[in-house]
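Hello,

Here is the structure I promised to hand over. Have a look at it first, and then read on for what turned up.

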Amino acid sequence: MIKVPLSWLKDYVDITLSPEELAEGLTLRGLEVGAIIKTGTGWDKVVVGLVESIEKHPNADRLVVLQVNDGSRSYQVVTGAFNLKEGDKIPLALEGARLIDGHKLIDEEAAGKRIRPLLAGELPYFSVRPGKMRGLESQAVAVAALELGVSEEFEGILVLDPTAPVGAPLVEVLGETILDLELSPNLGRVLSMIGVAREVAAMTGQKVRWPEITIQEDGPSVSEKLSVQIDASDLCPRFSAMIIEGVEIKPSPAWMQRRLSAAGMRPISNIVDITNYVMLEVGQPLHAYDYDDIRGHQLIVRRAEAGEKLETIDHKVHELGPEVLLVADAERSLGMAGVMGGAESEVKDSTTNVALEGANWNPANVRQTARGLFSTVSEAGKRFERSVDIELTVLGVRRGIQLMQELAGGQVAQGMVDVYPQPVSPRVIELPLSEVPRLLGIELARDEVTRLLEALEFDVADLRPDGSYQFRQDPKQFTIMVSETSTTSDALLVRVPTYRNDVTIKADLIEEIARMYGYDKIPETRLRGELTAQTPNRSWQFEDRLRDILTSCGLDEVITYPLVSLANLQKLHSAVDENHRAAANGTRPHLQHLNWSDPAHLLRLANPLSVEHEVMRPTLLASSLETVAENRRFVERVAIFEIGKVYLPQEGQTLPQERHTLSLALVGPRQPLSRFNPKAADPAERLDFFDLKGTVESLMERLNLPLAALEFEPVAPGDAPVLHPGRAAHLWVRWEGQRHYIGFLGEVHPKVADAFNLDPLERVGVAEINIEALLPLQKRELYQTVTRLPVVTQDLAIVVSDETPAGQVQAMIRETGGKLLTEVTLFDLYRGKPIPEGKKSLAFRLVFYPQDKTLTEEEVSRLRQRIEGRLVRELGAETRG
Amino acid sequence: MTITDQIASMQERALSELDRIDDLVGLDEWRLKYLGKKGELTGFLRGMGGLAAEERPVVGQVVNTARRALEEADGGRLAILQAQVLTKRLAADRVDVTLPGRPVETGRVHVITRTVREIVATFQAMGFQVMEGPEVELDFYNFQQLNMPPGHPARSMHDTFYFSESVLLRTHTSPNQIRVMEKQAPPIRVIVPGKTYRSEATDATHEFMFYQCEGIAVDRNITLADLHGTLADFARSLFGTDRKVRFRCDYFPYVEPGVDVSIDCLVCGGVGCRSCKYTGWLEIMGAGMIHPQVLSNVGIDPEEYSGFAFGMGPERISMLKYAIDDIRQFYRNDLRFLSQFA
């Protein structure tokens, strides 16, 4: 977010801590240092050399011969650079040093293989070796800035500060330690060297050193040269500007280029560089106009007209609307306020007169424009959208003009245009001292709180005997008699510096106190006091129970994305034809939700990342089948469940129903291949409808729903087209005289399996169960007496029509057997000889369970006769012994 | 040969025969032959009718002595033979114990479920209750009530999926702070797990869907020190009792003061490594004292009540705990991945 070269930061505050300690301290205080970058660590064998003499190369006009001393001896160096004079100190690369290959970079750029900035991406290097150049030995290399990677300068040799000690490793002189700060949105005030320096000063008990600003203003009065009009003062609370005439556009000096590069900005030319430098230094973004391009010598801040066009400095033409704020002249727009300047009025090589703008813009508006029109937010935009100190416009412009005068020459028009319709007065917050223990859990004395706040340039007022308050830092400022509410004598009055836009209420001051005191010094205490009434979350507990039961049934839990693709939902309907559609929309309301791919009933994102994840799922099935297919590439047996929500838009409601739902999916061998199960691939040994049904039955039993309460209704043609029409059922639970629809289970229709890249010949069992329908079907679990009396076990075999559902037979037996008949287990199903065609034989084991006395032969045989009689009468059954 | 001698000789013969018997069938035959109803020993008793009256008790005694001797020998032989039979059966039963066992299919909960359960259980023990909230959420709850009005810069940290201008996929579980406080008066201690969504390109550390666990505690006199104690207890409960826990200043618009909670790096122990980006610390959650404006928004008087809130990502917690290096593993649902977590 902002790169802070420590050598630059040192201008404003002494750095007494190591870079690591500094980073730690800033991080703890909320200024997160993401990385400490150290440059120059690769400059082995590059030292500070003193140029002792310069002579022409006897054999080449474009070369010179230097004698350069490294403090212990002189080296003869042949170079093509002519910018040196005797006594200059330069980086000298000795044998074995590794430098960036500048020639190669330039060649690559010329060949179009590399675009600026050159110092980006993979860089080519070369090793310094002594050699002959045009017949003369060159024992070392005089180094240009590009070869070190500190800037793009390659024409001349880098001239070092005259105070650099000869022979010192270059890293000691030019190496840079840069803190890379990742700043949260509230920290606009820290997006500058001064901003960071303030925090360092507060941390180490210092005061910030501001740059001294002196300008020679001997031009005409600025009011003769420029007028500024604000037509949208809600979006532009302040606009300051100065004029400098007769500047010379050229590269900025090496020190400024180095600082800008180290801070991550590319040097361009002196005027533009200065605007960026001041922004990085004090935090006020500036904009330099070519004064001669301002028609009518008038700057107007106004909203764009609908359809108005502007070409920005990145040479893109934007069509604007009235939400965009512009700086315009009498005839046309010149730039987007706070976001990006216009191409027509930008400073160019021919510019001689400059108008320098330092303005304050509405953060929300800048944010909206910057993010609406550009893919990346400019450095200025980043600062304005986080809010900039309103008092900074004047200082920023003056600092910019000072540097322009120093580095580009020129005459400064007298005075400044400063349009500031409604001056902002500093905010004063009343802070009862008792808030510190109430919110932080520590007791701090008034003096201590004052000291902590003052370190951050807050001004704390003392209560004077006459009942007024007087601020300590600025005694001229005092507030007579604060309101009636502030009668508590323990309240501190705190005046907030204008750059602290983030501090508006007591709690903000509490945070400032906490971070200055040190979060690490705040103790760890435990919650005390009354607990909330403890009410269990039934739904949460129920789902956890489902998970435990299903994992004990051997199923693995999966969690899939609720955002699915429309295409996958449509795959579920691969087997749908017109008949199905009619049926699905027909008269079975509980099945309406099975119509999954109808866009009218889907919740669809307005801004999806991809079509893969565009729709909120109305069913878990599509994801289940996808997960099965993915896993089948690697494992044979997949038995999974998911507990998640499906999302069903509701008529007349803003938010959808989020229905808690369970899905099951089973495919593959019943048991994995092993020596116990060598025929795992045999179709008879593979999971099918009855494994699925068994799992569902086990689940229901464990949920205390008796099997007798479950009704498995065969699917009717068309009402569950995702399923195999002959191997699927709807599940109902009979509960207190009502039938409740719980969900469905069955083998997937082969066409659907095929659509999901599953083998259409393989049986894939799936179920989807509405957890919310199941949850209320809970009754108290009542203990049943366990008898010590003998139980009576009998087998019953009957022959019925093949069309008679086994479930009906079983239900009839159970019902007729009454209380005493506790178990009815179907243990044989047989068709074929000697059973007649169209019939089947069913064999049941019946267990009669005595209630309070031993069952007699007569009792049991009476019951059995009654059962048999009813089966014969009502189902046309024949008994078989 | 006296009858007594005859008995002695029979006994000798019987015992020597017994020594040669090596199966239970033979033993049964031997028993029948000598001790059975029609056996030799009984024969002597039957023959006693021809003896003198004074001889009868003597012979009877001799027969009984012989019977006891033979029965004892029989019992001994039986034990030996039974032991031999058992040994033989055990030998025949022997299996190669290195053969694989019979597979039993067991299932597992998803690793995220497991982590969420751990988090929830830890806070439940401290009196927090589990609640859930909607994933399709109103902008009002997701942003506005949390101090992020339209245009707020913090919104740029929440890349948001929208259904319409006012309806979105929640970007965090924090809207439940509002939903809970709207319904319930202090004291409040609640933990809210659930799915959240960000419109972000996915990579090894970013998912567009992920879980969060949100917690709040609201009452009179809840302090930053309480936040420290509660969350440090939690961190040590999950990551080990000797973990160092660090609190530092951070920013979230709906808390003030804001807090970032870190533990000393599990990989390097705080020295600095790639996992902790050479800081020695691993962030595990964001937290803070609930912003007074947020309390006011739900009608709780910030002058009387205070509270803290925290939010953490079970994926991140799981990644730290199990050294998982790619967040995309979680929802790929590869059973070879999921089955690694007991």
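**Where the two chains meet**

In this predicted model, 69 residues of chain B are in contact with 77 residues of chain A (contact means that two C-beta atoms, placed from the backbone, lie within 7 Å). On the chain B side, the largest share comes from helix α8 (residues 224-239) of chain B, with 7 residues. Sorted by class, that side of chain B has 35 nonpolar, 19 polar and 15 charged residues. Here Ala, Val, Leu, Ile, Met, Phe, Trp, Tyr, Cys and Pro count as nonpolar, Asp, Glu, Lys and Arg as charged, and the others, Gly among them, as polar.

A word on conventions before we go further. Residues are numbered from 1 along each chain as its sequence is written, while chains are lettered from A and ligands numbered from 1 in the order in which they are written. As the model is predicted, local features need pLDDT of at least 70 and side-chain atom pairs count only at pLDDT 80 or more, whereas totals for chains, interfaces and linings use all residues. Helices (H or I, at least four residues) and strands (E, at least two) are DSSP runs, numbered from the N terminus.

**Helices of chain B**

Let me stay with α8(B) for a moment. This helix has 16 residues and reaches 22 Å from its first C-alpha to its last, close to the 22 Å expected at 1.5 Å a residue (the expected span is 1.5 Å times one less than the number of residues). Its buried residues are B:Leu224, B:Asp226, B:Leu227, B:His228, B:Thr230, B:Leu231, B:Phe234 and B:Ala235. A residue is called buried if 20 or more other C-beta atoms lie within 10 Å of its own, exposed if 12 or fewer, and partly exposed in between, with C-beta atoms placed from the backbone. Just after α8(B), B:Gly240 takes a positive phi of about 120°.

Two helix pairs are worth a look. Helix α5 (residues 111-124) and helix α10 (residues 314-322) of chain B pack at an angle of about 100°, with their axes 9 Å apart. They are therefore roughly perpendicular to each other. From α5(B), the contact uses B:Val111, B:Ile112, B:Thr115, B:Val116 and B:Ile119, and from α10(B) B:Pro314, B:Glu315, B:Ile317 and B:Ser318. By class, this contact has 6 nonpolar, 2 polar and 1 charged residues.

The other pair is helix α2 (residues 24-35) and helix α4 (residues 55-93) of chain B, which pack at about 170° with their axes 10 Å apart. That makes α2(B) roughly antiparallel to α4(B). The residues in this contact divide into 8 nonpolar, no polar and 5 charged; among them are B:Leu27 and B:Arg31 of α2(B) and B:Leu70 and B:Glu71 of α4(B).

For these angles, axes are lines fitted to C-alpha atoms, for helices over the stretch in contact, and angles run from 0 to 180 degrees between N-to-C directions. Angles under 35 degrees count as roughly parallel, over 145 as roughly antiparallel, 65 to 115 as roughly perpendicular and the rest as oblique.

**Sheets of chain A**

Strands are said to pair if DSSP finds at least two bridges between them. One open sheet of chain A has 3 strands in the order β1-β12-β2, with antiparallel pairing. Strands β1 (2-5) and β2 (32-38) stand at the edges with a single partner strand each, so one side of each is left without a neighbour in the sheet. Neighbouring strands here are turned by 25° against each other on average, direction ignored. β1(A) pairs with strand β12 (residues 177-182) over 4 bridges, and A:Lys3 has A:Asp180 as its bridge partner in β12(A). Helix α2 (residues 19-28) of chain A lies across β2 and β12 of chain A, at about 165° to β2(A).

Further along, β34(A) and β35(A) pair in the antiparallel sense over 11 bridges, with A:Val646 opposite A:Arg659 in β35(A). β35(A) is also joined by 6 bridges to strand β39 (residues 765-770) of chain A, running antiparallel; there A:Ala665 stands opposite A:Val766. β35(A) is mostly covered, with 8 of its 11 residues buried.

Finally, what sits in the loop between β34 (638-648) and β35 (657-667) of chain A? A:Gln653 has its place there, and this residue is exposed, with 8 other C-beta atoms within 10 Å.

Enjoy exploring!
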